[in-house]
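This report describes selected features of one protein model. Please consult the sequence and the structure shown below while reading.

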Amino acid sequence: MSQVYGIWALRVGASLHLVQLPATLALGVLARRHGLQTRIPVFVQRALGVIGGGIVLAVLWGALWCWLLPDALLGTPFGVMFTSGWLMFWGYRLAAQIFVYGPWVPSNYRWAHYLLIGVFSLKTACFACATQSAWLAFR
């Protein structure tokens, strides 16, 4: 039974990219509109763009694994490591959204900030459930 919950958690976590990516792009557009990027040197902006692009690719690749191979992820040592790695990643990203990005978001655009907090909270919970399911199936 726990494997059913694990598969459900993996698919919900992967599906949340459909909400996360547009909300993240909206915050980037809002930052440009308010001139927040002018405070950052151009070479740092480019480096952050490259790093951000790599993160997007990694997250989308992880989402594909969750959607296409959930049975292979649950009940194997790789699955335990995969799900626990994403659990730590989304927990870290949730903390960054709250404590790092939160203070600079303009008040009239807080909806995108709160939307991302909700998405990252759900992703963290989904991967916690998937990690538990993977661990129980592996033992």
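Which residues of α1 are buried? In this predicted model, the buried residues of α1 are G6, I7, A9, L10, G13 and A14. They lie on the same side of α1, because the arc they cover around the axis is only 160°. The face turned away from this buried side carries V4 and W8, which are exposed. Helix α1 comprises residues 2-15, and its 14 residues should span 20 Å at 1.5 Å a residue; the end C-alpha atoms are 20 Å apart, in agreement with that expectation.

The largest nonpolar core contains 24 residues, and L10, C66, W86, W90, F120 and F127 have the most contacts inside it. Two or more residues come from each of α1, α3 (42-68), α5 (77-101) and α6. The largest contribution is that of α6, with 8 residues. In soluble globular proteins, nonpolar side chains tend to be buried together.

T124 is located in helix α6, which covers residues 110-138. Its relative accessibility is 17%, so T124 counts as buried, the cut-off being under 20%. The side chain of T124 reaches the backbone oxygen of F120 at 2.8 Å.

| Residue | Contacts (heavy atoms within 4.5 Å) |
|---|---|
| T124 | L87, W90, G91, L94 |
| W90 | H17, Q20, V59, F120, K123, T124, F127 |

Definitions and conventions:
Residues numbered from 1 in each chain as written. Predicted model: local features only at pLDDT ≥ 70, side-chain atom pairs only at ≥ 80, totals over all residues. Heavy atoms only, no water. Helix = DSSP H or I, 4+ residues; strand = E, 2+ residues; numbered from the N terminus. Expected span 1.5 Å × (residues − 1). Buried < 20%, exposed > 50% of the residue type's maximum accessible area, 1.4 Å probe, protein only. Arc of directions from axis to C-beta. Polar contact = N/O pair within 3.5 Å; in protein donor to acceptor, adjacent residues only side chain to side chain. Core = buried A, V, L, I, M, F, W, Y, C linked by side-chain atoms within 4.5 Å. Lists of a residue's contacts leave out its neighbours within four places in sequence.
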